[in-house]
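Dear colleague,

Here is the structure I promised to hand over, with my notes on what I found in it placed below. Please read them with the structure open beside you.

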Amino acid sequence: MSFDSALIGQFSVFFMVITMAIFVPKSDANCAFQAIFNFGDSNSDTGGFYAAFPSQPSPNGMTYFKRPTGRPTDGRLYIDFLAQALGLPFPSPYLQSIGSDYRHGANFATLASTVLQPTTSLFDTGVSPFYLGVQLNQMKLFKAKVDESGGQGNLPSSDIFGKALYTINIGQNDITGYLGSSGPGGVKQNAPQVISQITSTIRELYSLGGRTFLVFSLAPVGCYPRFLADQSQGGSSDLDASGCKISYNNALNEYNNMLKNALQQTRQGLSGANLIYVNSYSVLLDLFQNPKSHGLQHGTTACCGQGGGAYNFNPQVYCGSSKVINGQTVTATACSDPQNYVSWDGIHLTEAANKLFTYAILSGSYNDPAFSLNQYCDIQPIG
């Protein structure tokens, strides 16, 4: 799946006065957004997948929660920090029936989720059954239950849907699947179908009352230890000066440009809405390529892994697991200083990197069109 004040100073803040059907900039209220509804994959899963399939091992959660919580990192994710900055509680997973509080939204994201409907099962290929279409249907059912209940118990009032921030960060598993099966060329061929489903989902959420959407670009997976450790494609000739796979990142960059253009077209049909493209790619590329500039030490080396070396990633042994290999039991263990790493387990960000990512989101510098949450909320400190 820190340099706090320095990052805020580095990321300039853009402001834009936006006329909306429901939202107005903050006045006496602390925040115009009273809830977050999140759709995505492991990058923003706060426990949904492991609520359905309980099995997450330690050392996940070691930094902040001191135990596994279903988040694929050592602590909190950017969606947790974003909620904290808006003065909201951590997002409760929709699939977590015990201990959840949905008065300030719900998190539909689950680890290994795709945009498109999987053609195989979880137990065959590890792809989650909770793809974007299922998450959207869960949201529709959630709204129906809220409308029926009138805001009783741990549910919000019926007007919450027009007062919420909708965050969408999904597609990574679709695209990396194409990279693995058909190489970078497969991304361009299949991207339109993925993006079409994302924009269709946004329009449906708009019809449910959603008016402010943050849609995240995909990350530079060519810098992930998981893919760098795979020498079957490209080799050293495919690495840039910082050690990231050029072909993979070029493919992701092309996908992101297609997504950005599609959102621009979709925006024209959503009267009174904010549909914002968040350039995650640029933020995270800088973290991976220049970790020391941001108070970190290690960019393309996993904190929790097995094998050591440049990447510390073994595809046979994921973080916290053990396996007998060549007659010996090996275990993927965590480093003692995850606060110095960008990558937690070769695939996901550390809490430290998630926090830096959140500061970039809050700065507004990576949003298109220009959009600042400061216009709508008194941003709270994130610790």
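**The disulfides**

Cys-223 and Cys-244 form a disulfide, with their sulfur atoms 2.1 Å apart. Please bear in mind from here on that this is a predicted model. The torsion about the S-S bond of Cys-223 and Cys-244 is about 110 degrees, so this disulfide is right-handed. Because Cys-223 lies in the loop between β4 and α8 (225-228), while Cys-244 lies in the loop between α8 and α9, the bond ties together parts of the chain that are 21 residues apart in sequence. Both Cys-223 and Cys-244 are buried.

A disulfide is also formed by Cys-303 and Cys-335, whose sulfur atoms lie 2.0 Å apart. Here the torsion about the S-S bond is about -100 degrees, and the disulfide of Cys-303 and Cys-335 is therefore left-handed. Cys-303 belongs to the loop between β6 (298-302) and β7 (322-325), and Cys-335 to the loop between β8 (328-331) and β9 (341-343), so that this pair ties together parts 32 residues apart in sequence. Since a residue is called buried when its relative accessible area is under 20%, Cys-303 at 2% counts as buried, and Cys-335 at 12% counts as buried as well.

Cys-31 and Cys-377 form a disulfide too, with 1.9 Å between their sulfur atoms. This pair links distant parts of the chain, for Cys-31 sits in the loop between α1 (4-10) and β1, whereas Cys-377 sits in the segment after β10, 346 residues apart. Cys-31 is buried, as is Cys-377.

The count of disulfides comes to 4, and if the bonded cysteines of the protein chain are numbered in sequence order, the pairing reads 1-8, 2-3, 4-7, 5-6.

**The sheet and the helices on it**

Turning to the strands, there is an open sheet of 6 strands in the order β2-β1-β3-β4-β5-β10, and its pairing is mixed. The edges are taken by β2 (105-107) and β10 (367-368), each of which has a single partner strand, so one side of each is left without a neighbour in the sheet. Strand β1 (residues 35-40) pairs with β2 in the parallel sense over 3 bridges, and Phe-37 has Ala-106 in β2 as its bridge partner.

Helix α3 (residues 78-85) packs on this sheet, where it touches β1, β3 (164-169) and β4 (212-216), and its direction makes about 165 degrees with that of β3. Helix α9 (residues 246-267) likewise packs on the sheet, touching β4, β5 (274-278) and β10, with its direction at about 170 degrees to that of β5.

How much of α3 is covered? The helix is mostly covered, as 7 of its 8 residues are buried, namely Tyr-78, Ile-79, Asp-80, Phe-81, Leu-82, Ala-83 and Ala-85. The buried residues of α3 pack against β1, β3, β4 and α11. Just after α3, Gly-87 takes a positive phi of about 80 degrees.

Helix α11 (residues 351-363), one of the elements against which α3 packs, has 13 residues and reaches 18 Å from its first C-alpha to its last, close to the 18 Å expected at 1.5 Å a residue. This helix is mostly covered, with 13 of its 13 residues buried.

**A glutamine in a loop**

With a relative accessibility of 13%, Gln-56 counts as buried. Which backbone atoms does the side chain of Gln-56 reach? It reaches the backbone nitrogen of Gly-70 at 2.6 Å, and the side chain of Gln-56 also reaches the backbone nitrogen of Thr-69 at 3.5 Å. When its neighbours within four places in sequence are left aside, Gln-56 is in contact with Tyr-50, Pro-68, Thr-69, Gly-70, Arg-71 and Pro-72.

With kind regards

How values were computed. Residues are numbered from 1 along each chain as its sequence is written. This is a predicted model: local features need pLDDT of at least 70, side-chain atom pairs count only at pLDDT 80 or more; totals for chains, interfaces and linings use all residues. Side-chain values use heavy atoms; hydrogens and water are left out. Two strands pair if DSSP finds at least two bridges between them. Helices (H or I, at least four residues) and strands (E, at least two) are DSSP runs, numbered from the N terminus. Contact means heavy atoms within 4.5 Å. Axes are lines fitted to C-alpha atoms, for helices over the stretch in contact, and angles run from 0 to 180 degrees between N-to-C directions. A disulfide is a pair of cysteine sulfur atoms within 2.5 Å. Buried means under 20% relative accessible area, exposed over 50%, partly exposed in between (1.4 Å probe, protein chains only). The expected span of a helix is 1.5 Å times one less than its number of residues. A polar contact is a pair of N or O atoms within 3.5 Å; within protein, one must be able to donate a hydrogen and the other to accept it, and residues adjacent in sequence count only if both atoms are side-chain atoms.
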